[in-house]
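This briefing is for a reader new to the structure shown below. Please keep the sequence and the model in view while reading.

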Amino acid sequence: MRIINGHTKLTALLGHPVSHSISPLMHNEAFEQLGINYVYLSFDAKEEELEQTVDALKHLGARGWNCTMPDKIRMCELCDFLSPAAKLIGAVNTVVNEDGKLYGYNTDGIGYMLSIQEAGFDIIGKKMTLLGAGGAAMAILVQAALDGVREISLFCRHGKSWKHAEEMTARLNEETMCHVQLFDIADKELLKRELDTSDIVTNATNVGMSPNEDASVIEDKSMFHQGMIVSDVIYSPRETKLMKLAKEAGCPTLNGLYMLLYQGAEAFRLWTGKDMPVAHIKEKYFEQ
Ligand code: NAP
């Protein structure tokens, strides 16, 4: 039986809303499995209350916390130090409190890269086409570039994310070995051309997410080719329309469920110094 006592270390999730999150289940189960004296709670914190909440957690000596959008951007400013990926992305989803100094990390991209690797795919030195330029896309873009993906063709709308995507493209070309190019997602000819030479395509837009399950950024399955991996960051539904079309074209597919698991596993490692028992957590909460 789990004992909460005077030595229990506090970890948490901050966001608004937070009650739907699987993170408390995943982390508390992992603490119990390893027999380590930690607890993970979720706190509903509105954006305007974030600084106060962080101050309180710091004051209480919490070991660390996760945060959801839109707090990930503001959390950057509240940290004393940022990991290279968090700095480039401009967003923090995991904070470690080391004696009152806050270290900010972004484990979303790490979670994505681990999920690909764990599924048995090797994309290092290869070419990726990435769809979208929101929070998830930027985390994947930066981590893939830092980890050694050779080339990334980034497709997004000529809308609110375009300028940020342009700046990020320029920075990554300057600061990493990866060759990044930005394209307008409305140009399907260009998208087809880039897909033809890609080893992996990753949907990091909301398109196809429940309840809009009939939508897909790529509608024409002849745009996929054999041997290409098709991945989606969406995990509800488990199989998106994009993944269905890709499967019909003979491509291996992967949803975002294990990205979610591995971003949590990386946060767990940062707080506890121990590996999350992922096989057990997968079986209990992440059955595909
Ligand atoms: P976000 O910051 O709002 O970004 C959404 C992106 O999708 C933006 O680039 C947006 O373009 C684009 N988009 C929306 N509708 C589009 C359309 N019709 N055509 C082309 N592009 C479109 O959201 P996010 O936080 O990155 O989340 C995106 C998805 O990832 C969600 O489904 C979320 O659940 C999932 N996610 C999964 C994980 C995981 O662990 N598996 C982690 C984080 C997020 P504009 O900027 O032009 O609006």
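Val18 is located in the loop between strand 1 and helix 1; helices (H or I, at least four residues) and strands (E, at least two) are DSSP runs, numbered from the N terminus. With a relative accessibility of 5%, Val18 counts as buried, where buried means under 20% relative accessible area, exposed over 50%, and partly exposed in between (1.4 Å probe, protein chains only). Val18 and Glu174 are separated by 156 residues in sequence and by 37 Å in space, C-alpha to C-alpha.

The model is predicted: local features need pLDDT of at least 70 and side-chain atom pairs count only at pLDDT 80 or more, while totals for chains, interfaces and linings use all residues. Residues are numbered from 1 along each chain as its sequence is written, and side-chain values use heavy atoms, with hydrogens and water left out.

**Cis peptide bonds**

- The peptide bond from His16 to Pro17 is cis, and its omega is near 5°.
- Pro17 belongs to the loop between strand 1 (9-15) and helix 1 (23-34).
- Ser210 and Pro211 are also joined by a cis peptide bond, with omega about 10°.
- Pro211 is placed in the loop between strand 10 and strand 11 (229-232).

**Ligand site**

- The shell around the ligand has 19 residues, of which Ala133, Ala136, Ser161, Met209 and Gly256 come nearest; a residue is near a molecule or strand if one of its heavy atoms lies within 4 Å of it.
- By class, this shell holds ten nonpolar, seven polar and two charged residues. Ala, Val, Leu, Ile, Met, Phe, Trp, Tyr, Cys and Pro count as nonpolar, Asp, Glu, Lys and Arg as charged, and the others, Gly among them, as polar.
- Helix 6 (135-147) and helix 10 (257-272) each contribute at least two residues to the shell.
- An oxygen atom of the ligand lies 2.8 Å from a backbone N or O atom of Ala136. For Ala133, a backbone N or O atom is 2.9 Å from an oxygen atom of the ligand, and for Leu260 the distance is 3.3 Å.
- On its own the ligand has 930 Å² of accessible area, and the protein covers 78% of that. Accessible areas come from the Shrake-Rupley method with a 1.4 Å probe; for residues, only the protein chains shown count as cover.

**Ser198**

- Ser198 lies in the loop between helix 8 (188-196) and strand 10 (200-203).
- Ser198 counts as buried because its relative accessibility is 1%.
- The side chains of Ser198 and Thr129 make a polar contact at 2.7 Å. A polar contact is a pair of N or O atoms within 3.5 Å; within protein, one must be able to donate a hydrogen and the other to accept it, and residues adjacent in sequence count only if both atoms are side-chain atoms.

- Helix 5 spans residues 108-118, and its buried residues are Asp108, Gly109, Gly111, Tyr112, Met113, Ser115 and Ile116.
- Asp99 is not a glycine, yet it has a positive phi of about 50°.
- Asp99 sits in the loop between strand 5 (94-98) and strand 6 (101-105), and it is exposed, with a relative accessible area of 83%.

**His59**

- His59 is part of helix 2 (residues 50-59) and counts as exposed at 72% relative accessibility.
- His59 and Gly100 are 41 residues apart in sequence, and their C-alpha atoms are 7.8 Å apart in space.
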